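Here is a short report on one protein chain.

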Amino acid sequence: MQIDPTQLDGVFLLTPRRFGDARGFFAETWNEATLREAGLHLPHFVQDNHSFSAARGTVRGLHYQAPPVAQGKLVRCARGRLIDVAVDVRRGSPTYGQWIAEELSFENGRQLWIPPGFLHGFATLEPDTEIAYKCTARYAPEVEGAVHFNDPDLAIDWGVDLTTAVVSPKDAAAAAFADWTSPFTMEGV
Ligand SMILES: Cc1cn([C@H]2C[C@H](O)[C@@H](COP(=O)(O)OP(=O)(O)O[C@H]3O[C@@H](C)C(=O)[C@@H](O)[C@H]3O)O2)c(=O)[nH]c1=O
């Protein structure tokens, strides 16, 4: 497993080793001991999610759950190609409001570790794209929230035409970043 830091402290790109043969490949997508030996101690995961998006240009996000059920997410693309986005919303963080956008695909096998304290979203770059992610806390709809994906202050480059993006009604009605108060601090996530 290759582990690469990103510009945001605590967010890592993980690239599992693929063992190719005549049948295709095999890869370990998650191995607690291997990561610990490499110095990356991820919290305990309690839920695995899988979603499918039919159209290119589907955008889901920017989502979070508030503490004490904030979620860390280990994200990968099982089919197709997507841009995965993490926004640092830890109050007091030197990179508060900054984001990273990483391409994850079936082809490149890369995974993004996003700890609690970040907004998460993604845009599909191909039709029939599947995302799979492990979460460190259970689904808690009573404390979930969203910031608008096309927020002018965040100005995220999703890699797709946002005027024709496929979004949920919930995401279309999400708050502006400037009107939103983050429930996260550097310590309390
Ligand atoms: C997220 C989630 C949704 N659901 C249900 C609620 C709803 O009926 C249906 C679709 O939910 P949503 O519209 O919230 O799905 P979606 O927009 O795909 O939400 C997800 O987006 C990405 C970016 C994330 O980071 C995730 O944490 C999650 O927020 O699935 C669960 O049962 N468990 C879950 O963990």
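Helices (H or I, at least four residues) and strands (E, at least two) are DSSP runs, and they are numbered from the N terminus. This is a predicted model: local features need pLDDT of at least 70, side-chain atom pairs count only at pLDDT 80 or more, and totals for chains, interfaces and linings use all residues. Residues are numbered from 1 along each chain as its sequence is written.

## The annotated residues

His63 is found in strand β6, residues 59-65. Tyr133 lies in strand β12, residues 129-135. An unreviewed UniProt entry annotates His63 and Tyr133 as "active site". The two span 71 residues in sequence, yet no two of their C-alpha atoms are more than 13.7 Å apart, so they gather at one spot. UniProt positions follow the numbering used here, feature names are shortened, and annotations may be inferred rather than shown by experiment.

Are these residues buried or exposed? A residue is buried if 20 or more other C-beta atoms lie within 10 Å of its own, exposed if 12 or fewer, and partly exposed in between, with C-beta atoms placed from the backbone. His63 counts as partly exposed, because it has 19 C-beta neighbours inside 10 Å. Tyr133 has 24 C-beta neighbours inside 10 Å, so Tyr133 counts as buried.

Two residues are in contact if their C-beta atoms, placed from the backbone, lie within 7 Å. Residues up to four places away in sequence are not counted for His63, which touches Leu119, His120, Gly121, Glu144 and Ala146. Tyr133 is in contact with Asn49, Lys73, Leu74 and Val75, leaving aside its neighbours within four places in sequence.

## The whole chain

The protein chain has 2 helices and 13 strands. Its radius of gyration is 16 Å, close to the 16 Å that the globule rule gives for 189 residues, so the chain is as compact as a globular protein of that length. The radius is taken over C-alpha atoms, and the rule is 2.2 Å times the number of residues to the power 0.38. The C-alpha trace spans about 55 × 40 × 30 Å along its principal axes.

Of the 189 residues, 34% are buried. Among contacts between residues at least 6 apart in sequence, 83% join residues at least 24 apart.

Strands of a sheet pair through backbone hydrogen bonds, either parallel or antiparallel. Two strands count as paired here if DSSP finds at least two bridges between them.

Strand β8 (residues 81-88) and strand β11 (residues 118-124) pair over 7 bridges in the antiparallel sense. Phe122 in β11 is the bridge partner of Asp84.

## The nonpolar core

A nonpolar core is a set of buried Ala, Val, Leu, Ile, Met, Phe, Trp, Tyr and Cys residues joined through C-beta atoms within 7 Å. The largest has 36 residues, and those with the most contacts inside it are Leu82, Ala86 and Val87. β6, β7 (73-79), β8, β9, β10, β11 and β12 each supply at least two residues of this core. β8 gives the largest share, 5 residues.

Leu82 has contacts beyond four places in sequence with residues including Cys77, Leu104, Phe122 and Ile131. Leu112 is found in strand β10, residues 111-114. Leu112 is buried, because 24 other C-beta atoms lie within 10 Å. Among the residues that Leu112 touches, beyond four places in sequence, are Val11, Leu13, Asp84 and Ala86.

## Backbone details

| Cis peptide bond | Omega |
|---|---|
| Gly61 and Leu62 | about 0 degrees |
| Pro67 and Pro68 | about 10 degrees |

Leu62 lies in strand β6. Pro68 lies in the loop between β6 and β7.

Asp128 is not a glycine, yet has a positive phi of about 55 degrees. Asp128 sits in the loop between β11 and β12. Ala155 is not a glycine either, and has a positive phi of about 50 degrees. Ala155 is exposed, with 9 other C-beta atoms within 10 Å.
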